[in-house]
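Trainee: Could we sit down with this one and go through the strands together?

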Amino acid sequence: MQERGIALDETTLEAIRKTRRELGSARHLPGFLYTAPEIFAYEVETIFMKEWLCVGRVEEFENEGDYRALRIAGEPLLVCRDGAGGLNAFSNVCQHRGVEVATGEGTLKSFRCPYHSWVYDLEGKLLGAPHSKEVEGFDFSSCALPRVNLDTWGGYIFVNFDPDCPSLEDYLDEDGIREFAAFLQPENTRTSDTYVFDVPCNWKFIPENLMDMYHVGVIHKESFGGHFPVNDFRFNLKKNGYNAAYESFTMAPKGVTLFDTMPWLKGKVTDKFACTTWIRPTMNIFGRHDLIQPWVALPVDHATTRITIYTQLPDSYFDAPAFEEKNKIYADFIRLVANEDRAMLESLQNGVGSRAFRPGPTVKLERAIHHLLNYYLDKLLSDDDEARAKRRRDGEEALLESASRSSEPRDGGYSAMVSAAE
Ligand code: FES
Ligand SMILES: [Fe+2]
């Protein structure tokens, strides 16, 4: 096993190799991978500046001039809708001295840098710069805001900082995301609630926590974990990520839906339909019969992560009687669940930094986490395709074994649901 571009001593590599082992004998990652700023700097280059990252929903940018400024691991980004209806992403970096030309979100006709008043249009072109006439041969065309790749799928807006990145479609198809999620039709839903909050922990803990079925029956016992198939959870491992279909009630108090089954799922699923998929590096989509609820995590720094939880409902729900009241009940509930996780995430970050921390063994319920940790190590070290294929084969065997104990299809019923939909 060879490290790629970061110097790791033999003791460190020895600790990491334990995560590379097969699930039954593997260990969790050593703590410094979550706490060291130099590891984070390497992750920014190899993951966040290379992978496609979700930064919003198309309905948040409905009108000309709608924009959002954000920072991903400190990298300033600006997303906006232009006059021709296109969505654009730029580096939010003034071409004079680097100040961020826009902050927050809202609607603007152009972006005026707050420092010396250079003005850019919605396509990033420099329109005006005070005193520019004093500069011989001032070239406006070379002072546009640098473009960042942007594409959409399912109503989600993704950006990629790498000019040589694969297309979003190819990227998603590597893990079968588009095929898996087509059934949910996220493109036919609208965001009814957005919950944004910062957690004082490393970004890797967020997707890990969201595929951690081990904790659901413990910390979420009172909220939604009481009716969750924790002991027979069926992960369908993909090349990098995973998906799963299972049974759980909707994300509302006592699992009682206040809405109806989404029109396109009617007659095809029960009110216990639940599914999830992970889009590397930090987006987890959860589906229920009546909603879609993605979690997106983007790093602020090595020990702070910003989480956005979207709740998406079919258009037709928004005009239903007492929609606002019902929506508030759902919104309060996801905040309750998120806060249950938040306390654990903060404590995890503190704990792995302790001199007493020794990474414990990975159990079967952590099959997806183990796969994620190794996706991550593929970025940090060298790809291990053989180990990846072996993990997938082991995962398939586990699905078959699980299926042999019941008459359900081995993917947790997903294939039956999809074929019923066709
Ligand atoms: S830094 Fe933006 S106008 Fe000077
Ligand atoms: Fe949780």
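Trainee: In the hairpin of strand 9 and strand 10, which residue takes a positive phi?
Mentor: Before the answer, a word on ground rules: this is a predicted model, where local features need pLDDT of at least 70, side-chain atom pairs count only at pLDDT 80 or more, and totals for chains, interfaces and linings use all residues. Residues are numbered from 1 along each chain as its sequence is written, and chains are lettered from A and ligands numbered from 1 in the order in which they are written. Strands here are DSSP runs of E, at least two residues, numbered from the N terminus, and two of them pair if DSSP finds at least two bridges between them. Two residues sit between strand 9 and strand 10, and the one with a phi near 60° is Gly154.

Trainee: Which residue of strand 10 is the bridge partner of Leu150?
Mentor: Strand 9 (residues 149-153) runs antiparallel to strand 10, with five bridges between them. Leu150's partner there is Val159.

Trainee: And what about Cys54, which residue is its bridge partner in strand 10?
Mentor: Strand 1 (residues 53-57) also pairs with strand 10 in the antiparallel sense, over four bridges. For Cys54, the partner is Phe158.

Trainee: How many residues of strand 10 are buried?
Mentor: Buried means that 20 or more other C-beta atoms, placed from the backbone, lie within 10 Å of a residue's own. Tyr156, Phe158 and Asn160 point one way, Ile157 and Val159 the other, and all are buried. So strand 10 (residues 156-160) is largely enclosed by the rest of the structure, and the count is five of the five.

Key:
A residue is buried if 20 or more other C-beta atoms lie within 10 Å of its own, exposed if 12 or fewer, and partly exposed in between; C-beta atoms are placed from the backbone.
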